[in-house]
Amino acid sequence: MAGITAQPGIMQIAPYVGGAGGDRGANVVKLSSNENPLGPPASAVEALQAAAGEMHRYPSTDHASLRAAIGEVHGLDPERLICGVGSDEIITFLCQAFAGPGDEVLYPEHGFLMYKISALAAGATPVVAPERDRVVDVDALLEACAERTRLVFLANPANPTGTMIGEGELARLAEGLPDQALLVIDGAYAEYVEGYDGGAALVTARDNVFMTRTFSKLYGLGGLRVGWGYGKAEVIDILNRVRGPFNLSAPALAAAEAAIRDRAYAERCRVENARMRTWLARALAEHGVPSDTSCANFILARFASADQAQAADAFLQERGLIVRQVGGYGLPAALRITVGDEEACIRVADAIGAFMGGAA
Ligand SMILES: *Cc1c(COP(=O)(O)O)cnc(C)c1O
């Protein structure tokens, strides 16, 4: 291509590989992308269908109606909210707006891959801080901060470990950051933790904290691509300058609004996930496969070695059970397994039992 080359950083990006889907045969269960096994709420499906007849119209540019609904449900000022094409887009906006060549974007060792991808895409330098036994280490993050640190990303609960840190630790991190750094608390799994606000109160209390959330996990709308962020008004204003005016489609906006107003559905999904998560973790432990206590909708199953984890993955695949290898997250001896419905959990537990029985 002669002199036509990508911007610095772009060629260092390893393209994101989504959770495998399998051949979608009748007996195949996809447990590789942390999708809601109960599907989308019926209220959201109805809203989507109702919006279909209006698809010749451009969507709202300011997402006022969805922001008002989010504000009501979470008790937040809608003026301080922004909506994106999944929270992935919010992460992209943050990197685009706050980090460029020479700047550093910091995240923990097993942090979500999109932080690195978005940092590199913005020309910034990704920096990794070690974790302690698969738990975010606030001291290590603070130690890794430098003059050029502009963004610090942290998922709480974290993916793919499922662990989380307490609100006191989050506050201590925010307090200790250098002046020019913004802390981004990624709350993709916050809804699964009863009584946890995802870091919202910390955002309200401090100027240097931002929170991202998504409709892709508990709300079962991964295919529609809707996420949102909550931050200081000045930060929201900056992000809105890089946001495309029609980034979200009208049907997606309508479905997301119906979903977040459907509190009964959200509660049912949270309770059912907790019930099956406990069951699955115990069943795997009984088969000799430990996991950290998960606060999300998946379990990080730990095997004796990378070879054993790969063999287990192949064994599960042969039985139509698609889970996620997490070597790309620095966890080659583990498999991330989404908490499915009861039938799926029983199938996974039985298959791992058979695998471990054979391996022993
Ligand atoms: C799934 C996930 C997201 C959500 O991505 P969307 O773009 O909103 O679908 C964000 N952060 C983490 C850590 C996730 O696991």
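**Notebook: cavity and ligand site**

I began with the lining of the largest cavity, whose residues divide into five nonpolar, three polar and one charged. I count Ala, Val, Leu, Ile, Met, Phe, Trp, Tyr, Cys and Pro as nonpolar, Asp, Glu, Lys and Arg as charged, and the others, Gly among them, as polar.

The model is predicted, so to speak for itself: local features need pLDDT of at least 70, side-chain atom pairs count only at pLDDT 80 or more, and totals for chains, interfaces and linings use all residues. Residues are numbered from 1 along each chain as its sequence is written, and side-chain values use heavy atoms, with hydrogens and water left out.

Next I looked up the lining by name: Pro108, His110, Gly111, Phe112, Glu131, Val136, Ala155, Ala158 and Asn159. A cavity here is a set of points, on a 1 Å grid over the protein atoms alone, where a 1.4 Å probe fits but cannot get out; lining residues have an atom within 4 Å of a point. About 40 Å³ of space lies in this cavity, a volume being the space filled by probe spheres set on the points.

Then I turned to the ligand. Its shell of residues divides into four nonpolar, five polar and four charged.

Definitions and conventions:
1 Å grid on protein atoms, 1.4 Å probe; cavity = no way out; pocket = protein on both sides within 12 Å on 5 of 7 lines; lining within 4 Å.
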